[in-house]
Amino acid sequence: MNSWDNIRNFSGLRGLTIIGTTDVIGNAISAVFWLYLASLLGTENYGQLSYFLAIAGIASTLSLTGAGNTLIVYTAKNVRLESSVYFISLVLAAVAMLILFAIFSNYGISAYVLGAIVFGLAGAEILGKKLYKSYSKYLIAQRILMIGLSVGFYHLIGLNGIILGLGLAFLVYLPRIYVGFKETKIDFSLLKERAGFITHNYILNLSGAFSGQLDKLIMAPLLGFAILGNYQLGIQLLSILEMLPGIIFKFILPQDAAGNSNKKLQKNYNFTIGRNGSTRNNPIANSNPNVLS
């Protein structure tokens, strides 16, 4: 029996199938959407859009403070720290939104930061609790709203409307944030006890965000938005090839945290990462949701 036979025979196959199917559908929607935007905007405007999203992506990562892995791992262990994590991340998000608005006078960027934070928090909580049907429903709903709101606002107010639409589409996850505050209490001692884990993941997230976004911040002033637009389109096409490790990672992390480890699946995940040489689709290594979303 080979390794993939072992994967097919283990009890979590249904959850992995739901995540995989959802991600394939969601990324297919996103790929068509971004290709459409590239043809609609032209390379220069597309590069400008990528530049602003890179800034917003880094700001959202700074605000999340390693919340992604923290929520996935500890909600899987039934440690109820959602409200504590949400509170800190949302306060930092508010600060980031104000700073970005003061610098760029662009409400779309600020809205995107808020949306990305909500997406990062709620998405991690859903995966941690292994609510795979909810994962599917929320992600597909977000993709549909992303298209409708971004294209609609673009025709109303221009390029900033796309960024605004992307940010507002993420707010479909807000009910999960509300439930988290309702069901758990703010208790910072829960975070203090796990400060080492949180700090480690915060550094991991920051390194992933900067490695994935810093090139855009450098290219725009040096080479111009047109070159950046072509470059970003190539990256997004490459991301299609990197879906598989992201799908497996989203499944195995909460399973491992809950004590349901699958060595064969981990082995195939590590093999795939080694072949691709990237963790771009690791939802924690790169918290910018718009690599392909």
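1. A residue is called buried under 20% relative accessible area, exposed over 50% and partly exposed in between, with a 1.4 Å probe and protein chains only. By that criterion F170 is buried, at 1% relative accessibility.

2. The model is predicted, so that local features need pLDDT of at least 70 and side-chain atom pairs count only at pLDDT 80 or more, while totals for chains, interfaces and linings use all residues. Residues are numbered from 1 along each chain as its sequence is written, and side-chain values use heavy atoms, with hydrogens and water left out.

3. The search of the whole structure returns 12 aromatic pairs, where rings of Phe, Tyr and Trp (its six-membered ring) pair if their centres lie within 6.5 Å, and planes under 30 degrees apart are stacked, over 60 edge-to-face and the rest tilted. One of them joins Y74 and F197, which is edge-to-face because the planes stand at 80°, with the ring centres 5.3 Å apart. This pair links distant parts of the chain, 123 residues apart, with Y74 in helix α4 (residues 67-76) and F197 in helix α11 (residues 195-223); helices here are DSSP runs of H or I with at least four residues, numbered from the N terminus.

4. F119 and F170 make a tilted pair, 5.0 Å centre to centre with 45° between the planes. Because F119 lies in helix α6 (residues 107-128) and F170 in helix α8 (residues 159-170), the pair ties together parts 51 residues apart in sequence.

Notes:
Helices (H or I, at least four residues) and strands (E, at least two) are DSSP runs, numbered from the N terminus.
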